[in-house]
Amino acid sequence: MVSRVIQSLPLPPCPTLPQYESEQWPQALSQCKTYIKTAADVIAQAFDQKVSVRHLVTARSYVIDQILEQIWHSFAMPTATAALVAVGGYGRNELHPMSDIDLLFIVAPKSLQSIEAKLQPLITFLWDIGLDIGHSVRTVKECEQQAKADITIATNLIESRLICGEKSLFSAMRLATGPNNIWPARAFYEAKVAEQKARYRKYKGTSFELEPNLKGNPGGLRDIQLVGWIAKRYFSSESLHDLANRGVFTLREYRTLMTSQLFLWRVRFALHTITKRGEDRLLFQHQKKVAEFLGFSDNDNALAVEQLMQKYFRAASKIRNVTELLLQVFEEVILDNGNKIKIEPIDELYQLENDRIALKQPELITTQPELLLKTFIVAAEVPGNKHVSATTLRAIRDNRHLIDQQYRENEQYKQLFLRFFSIKHQGDRPFFLLKRNGILASFVPLFEKISGQMQFDMFHAYSVDEHTLFLLKNLTRFANPEFAEEFPYCSQIMQSLEQPELIFLAGLFHDIAKGRGGDHSELGAEDALQYCRYLNMPEQDCETVAWLVRCHLIMSVTAQRKDISDPEVIALFANQVQTQARLDLLYILTVADIRATSPKLWNSWKDALLRELYLTTSRFLSQDSPEPVSQSKHIDDIKTQALEQLLANKVAESAIHSLWQTLEDNYFKTTPVDRIVWQTTCVIKHAHGKGPLVEIKRHHNEAGTEVFIYTPDQPGLFAAITAILSQKNLRTQAAELFTNNEGKCFDCFVVLEESGKPIQSATRVQSIRKLLQKKLKNIDGMSKKVERHVSTRIKQFNVPTEIKYARNRRLRYTQMELTALDQPGLLAAIGEAIRRCDMSIHSARIVTLGERVEDVFEISTINREPLDKEQKQRLREELAKQIEQI
């Protein structure tokens, strides 16, 4: 391989270095630096010319080998009693532009002290010429002891390669650390698989995080290395190709691994070149540059970066799928070797082999292709969420080409596919197996189009296909009684469903049209309708699935952007849903969808809002003739309930009526009873108090913290309050702002900690209260600047500020929808813009979607009139100005 690289690349000749400390030695530093830089330039140019990256990583290893040999001899290292050994990636001849160079100096015990003295200036010289080295100095015995104690060291030594020095020392080290002496194959396999499981947990078990680690993520380069390490330890094989020749895995599997590895190597090579360091995290801030470096360009369907990441995710998926299969092959060979296989029958075709589902005769798939689908039905129906054997999975992969158009049109196979989705799955493995073995995309070609598809934002943490699988996983968790306490209503609904295929198919299709342009909900609904009809489902069921796909976002939008305490909002939402059955399905789909979008997106507030919307709408639909209550009756009912509670709490009735007479009907229309009771009690108790009244308590749904402020209204109050809350690292979720006819404001803010949870500490509550009371005494003199760290991830996104106005007849004021980059101090800037325009805010609903916010405000003139055209334009310009200055 080295000779091919030397012949194909115009690498410079390695300089002959003078002896260390000779008169000519000062020239050695510049000679080495020039050689390394010139060689690096040649390799970089070859990369631009599309020379195989496999040659280039080997070429860099060769270059480092040459210079290290020269340096070794220049320092007159004792060749007979020491050896210089490459380990790790360098030992594999895989050096990327900024890869670490890991070295092991093996020394004879009697020469240890004298060699260590010589090594110090040698190591310093290596650093001086720009090599990023890691090194250790050990005797053969120390290599054995440390490798025995640490599997990582043992693994590094498996990949060791002699550069120069005493060969017998190197051979002795390999023998001492071999499987006949330490870490026998079974123990080594179990330790490395445990390492892999820990690594997968670190990356949340997915290959599809939008900022993947090229080495560590599932499906990354480390998975291929893991297969290689086990192969070398057990099979004494020096290459994966050798394993293919020996029949351990197929030539197709080998080619899949190598093709995917080469793509990841190209990405890693580009990443190192761009960052000028050994960076393996494909962060947002690097993705655009890497895409451009690799020649991707924007097109009508996808950005260059989205094309790059889709190709990456597909490669990572292939690596993960093949390595998981190979590890199972190794497990069956290594762990089951010599042991009697425990067999339990399932039916005439299937059995459990050591607790793994297996076809008794895997070769039957070629003549009975229905087994390509039936295997996953068996996997779903056998309790325990069990694995499928490697031989069965390999037979499925080898025969998935049988699923062609004729296969998909076969009525028997259609019914088998539908039967799989009709099972009330209580475990997620069958879904993941169906996808990762290529059967799902083969039977639903539309799914292949979203395979590995990403959206370049912080809202969607996973690729579209992986997000879909996580949604289905959440649904199976709702179906499992073991997890009923996590989401009681979702679990109750899911476990009582008579037709689980409706929700599973809706989950499968809800994002199927992403990336096609247009409204993915509408396009996906049409796809779902046609596919359900293709499966010969009853028309009503087809329409239900299509409706769920079309409307899968409306519950989230209603809960987070509208006032769900308003009966008219509930009536409108109920009119969209129409039936309790649809409401049930939409609720569990919405919860599963949001929780599958990003680990950071779901919080207690969203949970509570959706639950409240579900329960309120359910009560509305349960009425004999569900109609919205008239506004006057609703207000009377609210006042009656609040008054009863206040009187029961010994609050003077005369004080209650006196206070309520200062408030408009709109306050009672949109404020929940418990909040009216709380605020009324607080204000009456504070009747003769001085300064702003600030009270803090847990929200009635227990999912957020309410901050109530009663103080004389004044321009800029909203900006001041939101600035103070943000300065205390609180995130505002909603605000309701009222001013009575005495000029006093009843302002209520719902806030969460940065963690997405309510405020827990009484000490923190007291600290927030005191700060608000102090600063609100003089808001003109307070700083509204919010000093808080802004994630480097957010800085990579350009979210233009967009403002839309709506004049909703149901609303008294002007509704403004604002989309902007999420950044500290944004709400304060919005409040300041509104103050400068002599306007008032009456309510705010804050929705954070990754790097952007989509906030909804109700705004009026200072005289509480809707905004006219000129006022809207003035506010638009002032908002742009204030947000720009953040």
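In β7, which residue is the bridge partner of Tyr-350?

Analyst: The partner of Tyr-350 is Leu-359, in β7. Before going on, some ground rules. The model is predicted: local features need pLDDT of at least 70, side-chain atom pairs count only at pLDDT 80 or more, and totals for chains, interfaces and linings use all residues. Residues are numbered from 1 along each chain as its sequence is written, and side-chain values use heavy atoms, with hydrogens and water left out.

Now the strands. Strands are DSSP runs of E with at least two residues, and helices are runs of H or I with at least four; both are numbered from the N terminus. β6 covers residues 350–353 and pairs with β7 in the antiparallel sense, over four bridges. Two strands count as paired if DSSP finds at least two bridges between them. Another bridge joins Leu-352 to Ile-357 of β7. Two residues lie between the strands of this hairpin, and there Asn-354 takes a positive phi near 50°.

Step back to the sheet. It is open, with three antiparallel strands in the order β5-β6-β7. The edges are β5 (343–345) and β7 (356–359), each pairing on one side only. From one strand to the next, the twist averages 35°. Here axes are lines fitted to C-alpha atoms (for helices, over the stretch in contact), and angles run from 0 to 180 degrees between N-to-C directions.

Look at the faces next. In a regular strand, side chains alternate between the two faces of the sheet. In β7, Arg-356 and Ala-358 are on one side, while Ile-357 and Leu-359 are on the other. These four residues are all buried, and both faces of β7 are covered. Buried means under 20% relative accessible area, exposed means over 50%, and partly exposed lies in between (1.4 Å probe, protein chains only).

Ser-317 has a relative accessible area of 14%, so it is buried. Beyond its neighbours within four places in sequence, Ser-317 is in contact (heavy atoms within 4.5 Å) with Phe-208 and Lys-435.
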